[in-house]
Amino acid sequence: MAEDTGRFGPYADLYLDMLNKQLTYDALRIIGCDMALMQAIGGEMVFMQQLAHAGKIASGIFVARKK
């Protein structure tokens, strides 16, 4: 059985909101203060956010059961 958890879209929203409001410096520091890279990564994340809200990508949970 497979189903969309519905979590990916809201988490992408939260991630981008945090990155834009409070974690900008931390992210820039991690990537060596490369603004071009920061913009590229941000663009990719916005693209993934749009795909998530369109139902094109989703998160899932795998559960294993030992017999």
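A residue is called buried when its relative accessible area is under 20%, exposed when that area is over 50%, and partly exposed in between, with a 1.4 Å probe and protein chains only. The model described here is predicted, and therefore local features need a pLDDT of at least 70 and side-chain atom pairs count only at pLDDT 80 or more, while totals for chains, interfaces and linings use all residues. Residues are numbered from 1 along each chain as its sequence is written, and side-chain values use heavy atoms, with hydrogens and water left out.

## Helix H3

Helices are DSSP runs (H or I, at least four residues), and strands are such runs too (E, at least two), numbered from the N terminus. Helix H3 has 19 residues and reaches 27 Å from its first C-alpha to its last, close to the 27 Å expected at 1.5 Å a residue, where the expected span is 1.5 Å times one less than the number of residues. Which residues of H3 are buried? They are Met38, Gly42, Met45, Gln49 and Ala52. These residues cover an arc of only 80° around the axis, which puts them on the same side of H3; the arc is that of the directions from the helix axis to the C-beta atoms. An α-helix has 3.6 residues a turn, so residues three or four places apart point the same way.

The buried residues of H3 pack against H1 and H2, and contact here means heavy atoms within 4.5 Å. One of these buried residues is Gln49, with a relative accessible area of 18%. Leaving aside its neighbours within four places in sequence, Gln49 is in contact with Ala12, Asp13 and Leu16. The face of H3 turned away from its buried side carries the exposed residues Ala36, Gln39 and Glu44. Of these, Ala36 has a relative accessible area of 53%, and its C-alpha lies 26 Å from that of His53, which is 17 residues away in sequence.

## Helix H1

Helix H1 covers residues 8–21, and its 14 residues should span 20 Å at 1.5 Å a residue, which agrees with the 20 Å between its end C-alpha atoms. In H1, the buried residues are Gly9, Ala12, Leu16 and Leu19. Because they cover an arc of only 95° around the axis, they sit on the same side of H1. Those buried residues pack against helix H2 (24–30) and helix H3 (35–53), whereas Tyr11 and Lys21 are exposed on the other side of H1.

Tyr11, Leu14 and Met18 make a nonpolar surface patch of about 300 Å². In such patches, residues have over 30% relative accessible area and no salt bridge, with nonpolar side chains (Val, Leu, Ile, Met, Phe, Trp, Tyr) joined within 5 Å and like charges within 9 Å. The areas themselves come from the Shrake-Rupley method with a 1.4 Å probe, and for residues only the protein chains shown count as cover. Met18, at 30% relative accessibility, counts as partly exposed.

## Salt bridges

How many salt bridges does a search of the whole structure find? The search finds two, a salt bridge being a side-chain nitrogen of Lys or Arg within 4 Å of a carboxyl oxygen of Asp or Glu.

| Salt bridge | N to O distance |
|---|---|
| Asp17 and Lys21 | 3.1 Å |
| Asp26 and Arg29 | 3.5 Å |

Asp17 and Lys21 are four residues apart in helix H1, which means that they are separated by about one helical turn. Asp17 is partly exposed, with a relative accessible area of 36%, while Lys21 is exposed at 65% relative accessibility. Asp26 and Arg29 both lie in helix H2, three residues apart, and this is about one turn of the helix. Both count as partly exposed, Asp26 at 30% relative accessibility and Arg29 at 48%.

## The loops

Leu23 lies in the loop between H1 and H2 and, at 30% relative accessibility, counts as partly exposed. The C-alpha atoms of Leu23 and Thr5 are separated by 26 Å, and the two residues are 18 apart along the chain.

Cys33 is found in the loop between H2 and H3, where it is exposed, with a relative accessible area of 55%. The phi of Cys33 is near 55°, a positive value in a residue other than glycine. Most residues other than glycine have a negative phi.
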